[in-house]
Amino acid sequence: MTNNLPQQQATSLEQKRAAYAWDCVKDRGVCTPDYVNLAKSAPALVIGNGLMQTLAFYESKGGSRSNPKKPHYHHLNDHIFHWVSERLTCGKEFDQVMSFLHKAGSTTYRQATEETMELLRWLRQFAAAVGSGKDE
């Protein structure tokens, strides 16, 4: 008997982004209404202020890591950090990513910004879908 199903193709970068974004938001504990709203507004903040400024703002708004005031800021920052670090081979912690971006040339900085924007497209959609399924 022959298998008429198409062969599994290599995973595209867009599929990897989608899978990563899904893994980030599928936990309903992370995907709070605050996280959904933050993810929705993030692209405008990155475009208007720049990537480093946005990440620094989110870090400051979240409060301390050991006792966060607004953990959704830290969650979104961590999701961005981990994705950018995988794509550009830099550390996964706030200070490591910021140091990397500070020293990066314009091409690398632009690539990090583009990767962040592409990731945010998926995070926004998945967060809205998961967040809308919460019990009110």
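These legends accompany close-up views of a predicted model. Residues are numbered from 1 along each chain as its sequence is written, and side-chain values use heavy atoms, with hydrogens and water left out. Because the model is predicted, local features need pLDDT of at least 70 and side-chain atom pairs count only at pLDDT 80 or more, while totals for chains, interfaces and linings use all residues.

**View 1. Ser85 in helix 4.** Ser85 is found in helix 4, which covers residues 71-88; helices (H or I, at least four residues) and strands (E, at least two) are DSSP runs, numbered from the N terminus. Ser85 has a relative accessible area of 4% and is therefore buried, a word that means under 20% relative accessible area, with exposed over 50% and partly exposed in between (1.4 Å probe, protein chains only). A polar atom of the Ser85 side chain lies 2.9 Å from the backbone oxygen of His82. When neighbours within four places in sequence are left aside, Ser85 is in contact (heavy atoms within 4.5 Å) with Cys90, Gly91 and Lys92.

**View 2. Asn77 and its contacts.** Asn77 also has its place in helix 4, and it counts as buried because its relative accessibility is 0%. Not counting residues up to four places away in sequence, Asn77 touches Leu55, Tyr58, Glu59, Arg65 and Phe94. Asn77 and Phe94 are 17 residues apart along the chain, and their C-alpha atoms are separated by 8.0 Å.

**View 3. Cys24 and Cys31.** Cys24 is buried, with a relative accessible area of 8%, and Cys31 counts as buried at 0% relative accessibility. A disulfide is a covalent bond between the sulfur atoms of two cysteines. With a disulfide taken as a pair of cysteine sulfur atoms within 2.5 Å, the count comes to 0 disulfides.

Methods:
Polar contact = N/O pair within 3.5 Å; in protein donor to acceptor, adjacent residues only side chain to side chain.
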